[in-house]
Amino acid sequence: MSVILVTGGSGLVGKAIQYVIETEPEGSRFGKKPGETWVFAGSADGDLRDQAQTKKLFEKYKPTHVIHLAALVGGLFANMKYKLDFLRDNVLINDNVLHTSHLTGVKKVISCLSTCVYPDKVEYPLDETKIHLGLPHDSNFGYAYAKRMVDVSNHAYKDQFGHNFTSAIPTNVFGPHDNYDLESAHVIPGLVHKCYLAKKNGTPFVVGGTGKPLRQFIYSQDLAKLFIWMLRNYDDVEPLILSVDETEEVSIKQVADAIVKAVGFEGEYTFDTARADGQFRKPASNKKLLSLVGDFQFTPFEQALDESVKWFLENYDTARTGKQQ
Ligand code: NAP
Ligand code: GFB
């Protein structure tokens, strides 16, 4: 009788895992297995920066397996502004979840890193062996070091106690239930929200930076399936990159063009080059993933973007918009 606790279960990636587990046929490749109980916990179920609240959450659900997604998460501009919060909140959350998993005998933990943890100056493409080979990009070193410490902790728990604690490394993620608050949003939800407001108010659509940086984006529902696959099949302490192929890198300008099309915006569209571009690129190789998972169909970018914009327009009133009108 397995109990799978998904921390951060109320967020972008958590909601996608819940959607897949609840819609895929029971017993299928990405579906729920008979006898499994899945628990999706948000911060209302317990502030994981607090050890006592973390312990209480684990005592309540007695998880056998944990998919640990909970984190202080934000886009480039939020990371640049709140480096200490992104470091400290995430160090506290990660240590409480891993140590409570250790104390309560959890059989497996999959934590979630990000390709922004990698060194800024390293030979591309990024692969699973290069995480600690240099300084992260200055724009998000707080978040990056907190996430790197998860990999260090996993190896220490393995060495000292033989625990099966591992981690996944997604690229930039997008999809339904994203964070659209213009201050803290990532580029896709941020630009979808800005484009929607520009269309609604007849104002210019302004993209931050030069539009030249390159990014790889994975659809939250594809990422969700890969987390479920890892839960069932991946028992190595070494992290695993979860991403589309590195040839799928797109420029921020291409992303903005696709959003203009998806939202149906016909007005003026400019770049605010006074805003930061952040890291120019962080191309990640999914060679190890494909060598293990075999055949996996990623959702085409434009289809995934259309579905995400449709969800945003249909759920605007309840979505995390930070209430900018
Ligand atoms: P998100 O939408 O912002 O969701 C964050 C989740 O963490 C929410 O469920 C939130 O709960 C929970 N949480 C935050 N602080 C908490 C606290 N102190 N105690 C308990 N729960 C807390 O984030 P996401 O995009 O789904 O990210 C999920 C994971 O993927 C994170 O580990 C993130 O670092 C990683 N990641 C994300 C991206 C991306 O592009 N989004 C890329 C790479 C990796 P409430 O909503 O209830 O507050
Ligand atoms: O998604 P994003 O915030 O994160 O920004 P990063 C990506 C690129 O989009 C940057 C440009 O080059 C931004 O200049 N951009 C243009 C915008 N307009 C906007 C906008 O309105 N909002 C935002 N947010 N960006 C983050 C890390 O880096 O990647 C985090 O800081 C996290 O820690 C995340 O790991 C996945 O890809 O630059």
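What is the distance between an oxygen atom of ligand 2 and an N or O atom in the side chain of Arg215?

Author: That distance is 2.8 Å. Before we go on: this is a predicted model, where local features need pLDDT of at least 70 and side-chain atom pairs need 80 or more, while totals for chains, interfaces and linings use all residues. Residues count from 1 along each chain as written, chains are lettered from A and ligands numbered from 1 in the order written, and side-chain values use heavy atoms, without hydrogens or water.

Back to ligand 2, our part for today.

Who makes up the surroundings? There are 23 residues around ligand 2, and Leu76, Cys116, Arg215, Ala276 and Asp277 come nearest. To be on that list, a residue needs a heavy atom within 4 Å. The shell splits into 11 nonpolar, eight polar and four charged residues. (Nonpolar covers Ala, Val, Leu, Ile, Met, Phe, Trp, Tyr, Cys and Pro; charged covers Asp, Glu, Lys and Arg; the others, Gly among them, are polar.) Helix α3 (76-81), helix α6 (187-201) and strand β7 (205-208) each give the shell at least two residues. Helices (H or I, at least four residues) and strands (E, at least two) are DSSP runs numbered from the N terminus.

Now put ligand 1 beside it. The shell here has 28 residues, and Ser10, Ser43, Leu69, Tyr143 and Arg320 are the closest. The side chain of Ser10 brings an N or O atom to 2.7 Å from an oxygen atom of ligand 1, while for the side chain of Arg320 the figure is 2.8 Å. Gly8 takes part through a backbone N or O atom, 3.3 Å from a ligand oxygen. Alone, ligand 1 exposes 900 Å², of which the protein buries 87%. Its shell divides into 13 nonpolar, 11 polar and four charged residues. Among the elements supplying at least two residues each are α1 (12-23), α5 (141-161) and β6 (172-174).

The largest nonpolar core has 32 residues, with Ile17, Trp38, Ile67, Phe227 and Leu242 making the most contacts inside it. (Such a core is a set of buried Ala, Val, Leu, Ile, Met, Phe, Trp, Tyr and Cys residues joined through side-chain atoms within 4.5 Å.) Elements giving this core two or more residues include α1, β1 (3-7), β2 (37-41) and α7. Helix α7 provides the largest share, eight residues.

So what does α7 look like? Buried means under 20% relative accessible area, exposed over 50%, and partly exposed in between (1.4 Å probe, protein chains only). Phe227, Trp229 and Leu231 are among the buried ones in α7.

The peptide bond from Tyr124 to Pro125 is cis, with omega near 0°, and Pro125 sits in the loop between β4 and α5. Lys62, though not a glycine, has a positive phi of about 45°; its place is the loop between α2 (51-61) and β3 (65-68). With a relative accessible area of 59%, Lys62 is exposed. His177 also has a positive phi, near 65°, and lies in the loop between β6 and α6. At 29%, His177 counts as partly exposed.

Conventions
Polar contact = N/O pair within 3.5 Å; in protein donor to acceptor, adjacent residues only side chain to side chain. Areas by Shrake-Rupley, 256 points an atom, 1.4 Å probe, with all protein chains shown as cover.
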